[in-house]
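Here is a briefing on one protein model. Look over the fold first, then read the points below.

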Amino acid sequence: MSKLIWALIAIAMVVLGGGYGNRIQCLSDDGPQMAVLGYLSAMKNARFEDAYRFVTASMTDGKPVAAWAAQQRKMYQLGAVKINELDVRKGHRNLKNMFTCAGSARVPNVLHASDLFNSQGSTEFEVYSVIMEDGVWKIDSQETLFDETAIKQWFPEDKMLATDDPGELPPAN
């Protein structure tokens, strides 16, 4: 009887160890973060054709690369859009089950940008949904957070300071 118990304990340890190993692999996969960084770097440098390869058809409304890139270029020009700084954080990827990583992740980013209507610039707290598509990580959607609770959930170390003077900028983090 005791041999059976020890055998079951050994099997359980192997199974749990495999699950732990997969959890470490899922948490250390930088693929989702690199997809967001690649996309935003290309957008920052107005390389819209390069940015296209980092997004799914839902992000391009199914447009071919030339049409989508032309639309992005026009919007950037008309709006005088300028991405100043990126701060792409580590992606959050879960386990699908004990032995398989999920094919999706959420990647937070702090974006500092300016445009025609906001020449001083603003800080945006974003969360990108990234999925594995044909073996490649791609952005499937982007959400800009406005709710302080949601911002604190994704960016707990960042300080958000309100000021009484609208011309006063909060200090950099």
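Which residues does valine 36 touch, not counting residues up to four places away in sequence? Valine 36 touches Val88, Val107, Tyr128, Val130 and Ile139, where contact means heavy atoms within 4.5 Å. The model is predicted: local features need pLDDT of at least 70, side-chain atom pairs count only at pLDDT 80 or more, and totals for chains, interfaces and linings use all residues. Residues are numbered from 1 along each chain as its sequence is written, and side-chain values use heavy atoms, with hydrogens and water left out.

**Confidence**
- The protein averages a pLDDT of 85, on the predictor's scale of confidence in each residue from 0 to 100.
- A pLDDT of at least 70 is reached by 80% of the residues.
- Helix 1 (residues 2-28) has the lowest confidence, with a mean of 61, while helix 3 has the highest, at 98.
- Helices (H or I, at least four residues) and strands (E, at least two) are DSSP runs, numbered from the N terminus.
- Over residues 163-173 pLDDT stays under 50, and the model has 5 contacts for them beyond four places in sequence.

**Nonpolar cores**
- A nonpolar core is a set of buried Ala, Val, Leu, Ile, Met, Phe, Trp, Tyr and Cys residues joined through side-chain atoms within 4.5 Å.
- Buried means under 20% relative accessible area, exposed over 50%, and partly exposed in between (1.4 Å probe, protein chains only).
- The largest nonpolar core has 22 residues, of which Val36, Tyr39, Met43, Tyr128, Val130 and Ile139 touch the most other members.
- At least two residues of this core come from each of helix 2, helix 3 (48-52), helix 5 (65-79), strand 1 (82-88), strand 3 (100-115), strand 4 and strand 5 (136-145).
- Helix 2 gives the most to this core, with 6 residues.
- Another core, of 8 residues, lies apart from it, and includes Phe125, Leu145, Trp154 and Phe155.

**Aromatic pairs**
- There are 4 aromatic pairs in the structure.
- Rings of Phe, Tyr and Trp (its six-membered ring) pair if their centres lie within 6.5 Å; planes under 30 degrees apart count as stacked, over 60 as edge-to-face and the rest as tilted.
- The ring centres of tyrosine 39 and tyrosine 128 are 6.4 Å apart and their planes are at 65°, so this pair is edge-to-face.
- The pair links distant parts of the chain, with tyrosine 39 in helix 2 (residues 31-44) and tyrosine 128 in strand 4 (residues 118-133), 89 residues apart.
- Both tyrosine 39 and tyrosine 128 are buried.

**Methionine 132**
- Methionine 132 lies in strand 4 and is partly exposed, with a relative accessible area of 35%.
- Leaving aside neighbours within four places in sequence, methionine 132 is in contact with Gly103 and Trp137.
- The C-alpha atoms of methionine 132 and threonine 56 are separated by 9.8 Å, though the two are 76 residues apart along the chain.

**Positive phi in loops**
- Most residues other than glycine have a negative phi.
- Alanine 46, not a glycine, has a positive phi of about 55°.
- Alanine 46 is found in the loop between helix 2 and helix 3, and is partly exposed, with a relative accessible area of 38%.
- Aspartate 134 also has a positive phi, near 55°.
- Aspartate 134 sits in the loop between strand 4 and strand 5, and is exposed, with a relative accessible area of 78%.
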